[in-house]
Amino acid sequence: MPLKAHRGRKGCGPRHEARYKRLFLAGGCALGLLTAGSLHAQTPQPREEGQLISPSLLAAHRGGTLRLVAAASGGTLDPHINYSGKYINLFAVVYDGLTTFKKVPGPDGNTVVADLAETLPAPQDGGRTYVFTLRPDIHFSNGRTVTTADVAASMRRIFRVGSPTAGSFYSAIVGADLCLKEPATCTLSGGVVEDPAHRTITFHLSTPDTEFLQKLAFTHAVIVPADTPDHDIGNTPIPSTGPYAIASYDPNKSLVLNRNPAFREWSAEAQPEGYPDTITYSFGIPDEAAVTAVENGQYDWMEGSIPMDRLGELGSRYTAQTHVMPHAAMYFLPMNVNLPPFNVQKARQAVNYALNRKAMVIFYGGPGIARPLCGMLPSSLPGATDFCFYTKGASPAAPAPRWSAPDLEKARQLVRESGTAGQKVTLITANTSVDMAMGTWVRDMLQSLGYQATLRPLSSSVAFNYMQNTSNKVQIALKDWSADYPSPSNFLDDLLGCENFHPNSDSSINIPGFCDKRIQTLMDRAKTDVSLTPQQSEALWREADKLVMEQAPIAPLIEKDTVLLTSPRLGNFFYTTVNQLFFSQVWVQ
């Protein structure tokens, strides 16, 4: 995931940097100190707007094939639909939107910059109008010039194909309400107005959206040709504007990206020229085997969590190839509020009380890379909570400052009071090592509460879509989630907003099917009220978080850092806070 504005990140001072440089074994033993030098053999220097890559540097490191590996593919190639971090981060070097996030390491990577637009427009009409001017002479990989018609059609297509974020990200556009009701006839009339003669595209919003530029920078708003079909294109590549274009895709085997012959660098900070000639993504290599293959240089990077039993050797033998990086991300249990037994609030609260979040930290890899999480917001986000309802000695009426231990006695009491004891419960997880370890523990916990619990692992390529579709009648699931950009809305509104529940759809990211009008009003105000100070906005998100946790449609487990393993030949390790390892800027030559 996935990632998710962009206010400055909290938790990036010296104290936290030290934390990021250590890994710990499950029992708390130090794996080894990862020094700054070992984490970054070459520290990339950000380039100024318009500054091209040094010809000598480009000549020295341009070329070669970057080899990525994953246990399974990431589903559709459609950038307006795919919501997997496995592909979204890859799409960042393939597609462009009007805006994007600055391609630099460190906190400045949260900054929105102009991409296909010439400049970032100042909002007009009290934050309801944005006028973009399209850069001239940019071409898709099929040779066609990018026009305002492509921009307008792409925005309509977001609704017509049922993009997972159509409601939460783009519903403020005038006409979006009709598009959400009748996607096939979406026109966004009055909402997106193009002027081809002046290369302008004007967005009119029904209400201000303080994060609109960030949302346009997200992958679901990339610009594709106007004649792209208004349905999921599946395994067929769409012409693109970035430095790479998708050459071939077999979801059972591999994905291949080659240089886009039509690309020219128009902004180094938005979409820099790439170093590798080719990027290959191989599928079907289990995570245990992938670790060994990357250690030995057969692949350059592996997708997904590192199995816990391999962290020890990384910390002792492969420190130069192991990178522990901050990222707003978590693991959580979504519970279906519309199906037994979790249509009863006390049953959902029981799960929250019974969770041993320390055990979940251990399964992920230890306290050096994960912490217990009591609310919906990781600590690096503005508005992160300072309470814990569901821990020993606490309650929604008397929260504790932090999680300390599970309260099984309270949990079992709530199950009895809920009248759900003895019911059958199936837990859905992905079949990765970390998810399976956590899932097995949660299944046993559910059994200890009095449920007839079973675990059903699915391929990581289909698990997320399966969890989302109400037709599959998923009662409870285990899922990880990371920020699209660092804002509370990415966790609270995305995962629990009323507009993100779409029955019988694989693009219903509100997996619990939760909708509370009072909470939605708080979230909408935090997103739209331009008169709020940052502190007032954070207070609204914090209040929404508390109200959510009282109803407990989700059980947060842990917040986690990202552990990346790269090959010994990969140079110029280039990590951005939004897209993580930025594939076009690493060296393999």
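In which order do the three strands of the open sheet lie, and is their pairing parallel or antiparallel? The order is S6-S8-S7, and the pairing is antiparallel. Strands here are DSSP runs (E, at least two residues) and helices are DSSP runs too (H or I, at least four), numbered from the N terminus. Two strands pair if DSSP finds at least two bridges between them.

Before we go on, a word on the source: this is a predicted model, in which local features need pLDDT of at least 70, side-chain atom pairs count only at pLDDT 80 or more, and totals for chains, interfaces and linings use all residues. Residues are numbered from 1 along each chain as its sequence is written, and side-chain values use heavy atoms, with hydrogens and water left out.

Angles run from 0 to 180 degrees between N-to-C directions, and axes are lines fitted to C-alpha atoms, for helices over the stretch in contact.

| Strand pair | Bridges | Direction |
|---|---|---|
| S7 and S8 (residues 200-204) | four bridges | antiparallel |
| S3 and S11 (residues 278-283) | six bridges | parallel |
| S3 and S12 (residues 301-302) | two bridges | parallel |

Val192 stands opposite Phe203 in S8. Val69 has Ser282 as its bridge partner in S11, and Val69 also stands opposite Met302 in S12.

**Helix H11 and its neighbours**

The axes of H11 (residues 345-354) and H13 (residues 408-418) come within 8 Å and cross at roughly 165°. That makes H11 roughly antiparallel to H13 (over 145 degrees; under 35 is roughly parallel, 65 to 115 roughly perpendicular and the rest oblique). Contact (heavy atoms within 4.5 Å) involves residues of H11 including Ala347, Ala350 and Tyr353, and residues of H13 including Leu408, Leu414 and Val415.

With H18 (residues 534-551), the H11 axis again comes within 8 Å, but the crossing is roughly 105°. H11 and H18 are therefore roughly perpendicular to each other. Here Gln345, Arg348, Gln349 and Asn352 of H11 meet Met549, Glu550 and Gln551 of H18.
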